[in-house]
Amino acid sequence: MNVSFGLRPNRLLASTLLGFVLTAGAAIGAGAPAAHAEDSPEKVLLQGSTKASYFWDDASGRAGDTGLPAIGKPMTKGMFASPSWPLGTEGYVTFGDRKAEFFIGDRGPGVPSNNGIMLDIDAKTFADLTGGTFNPTTLMVVGNGGRGHINVEYTITKWGKGPGKKNYPVAFSTGAWSKHDRNPVDPPEQEETRELKVVPPKPARKPEGPAVTGSPLSVAGTAPYHQLPAADAAQANRDAAVRPAAAKSGRTVAAADTVAPAPANLALLAGLGAAGAGLLVGRNRVRRLLSDDSA
């Protein structure tokens, strides 16, 4: 008896297991739900627009510098001044297609706020928004066409905890910057973000019941003539006469109801084929070995 007989069942088992693994993988792949991404909406507390100026207070006394910012931190890019919002308030502004984040770290503008200029932007951010350059010697913005004021859209995403008005900005002269606001403005209504789920397509199904008038829906072919009105039956007879002629001339008749197999179905068929082939080969080998042993 061949000594390799003990290895043959292992090969048979391996072939069979491979087939079942492919089959299971195809079934899992076909039934796995599609993943979807969920984005959390940004929290918006207040939105509006205003005219804005710029400043840079580094306690050097240059260009109208009034000293260190009111928040007690050194001047830095992204630090804005407001005549009424609490210190520490955060948000962002947009000017055209440019956007800049900010936090309120100082008070101002002063007198200009009486004329509707309700935001003071740090000079470096102002230069970025207007396409200019910050001059550290003069603390001025140059190369932006002489712009000193711009109209911006603002969005508040977080209110500061100190005194100040948590609402649309008001002039510095109102003294709102020194009072605690216990009734902040209601956040604007935001559009509800709906979760979108991908629904896998349903497999094609053969229609049930008798064929209806018009184009045949049966995958197997044209519906029986006795189920069609006289006009449709005549048209079906003409189609039946045309098909043999088309076949002789070499033209291909398109099958409108042919459905291409899905990749998962192909993998499933391949797995079943591999399993069947493994069983068939293993059975033949076992028979051959048993015949050799009988001889």
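Modeller: A residue is called buried when its relative accessible area is under 20%. In this predicted model, 28% of the 295 residues of the protein count as buried.

Colleague: What makes Asp 128 and Lys 77 a salt bridge?

Modeller: The cut-off is a side-chain nitrogen of Lys or Arg within 4 Å of a carboxyl oxygen of Asp or Glu. The closest N and O atoms of Asp 128 and Lys 77 are 2.5 Å apart, so the pair meets the cut-off. The count by this rule comes to one salt bridge.

Colleague: Which parts of the chain does the pair link?

Modeller: Distant ones: Asp 128 lies in helix α2 (residues 123-130), and Lys 77 in the loop between β1 (46-55) and β2, 51 residues apart.

Colleague: Why is Asp 128 called partly exposed?

Modeller: Partly exposed covers the range between buried, under 20%, and exposed, over 50%. Asp 128 has a relative accessible area of 41%, so Asp 128 falls in that range. Lys 77, at 46%, therefore counts as partly exposed too.

Colleague: How do you know that both faces of strand β2 are covered?

Modeller: In a regular strand, side chains alternate between the two faces of the sheet. In β2 (residues 79-82), Met 79 and Ala 81 are buried on one side, and Phe 80 and Ser 82 are buried on the other.

Colleague: What makes β2 and β4 a pair?

Modeller: Pairing needs at least two bridges between the strands. Four bridges join β2 to β4 (residues 98-107), so the two strands pair. They run parallel, and Ser 82 stands opposite Arg 107 in β4.

Methods
Residues numbered from 1 in each chain as written. Predicted model: local features only at pLDDT ≥ 70, side-chain atom pairs only at ≥ 80, totals over all residues. Heavy atoms only, no water. Buried < 20%, exposed > 50% of the residue type's maximum accessible area, 1.4 Å probe, protein only.
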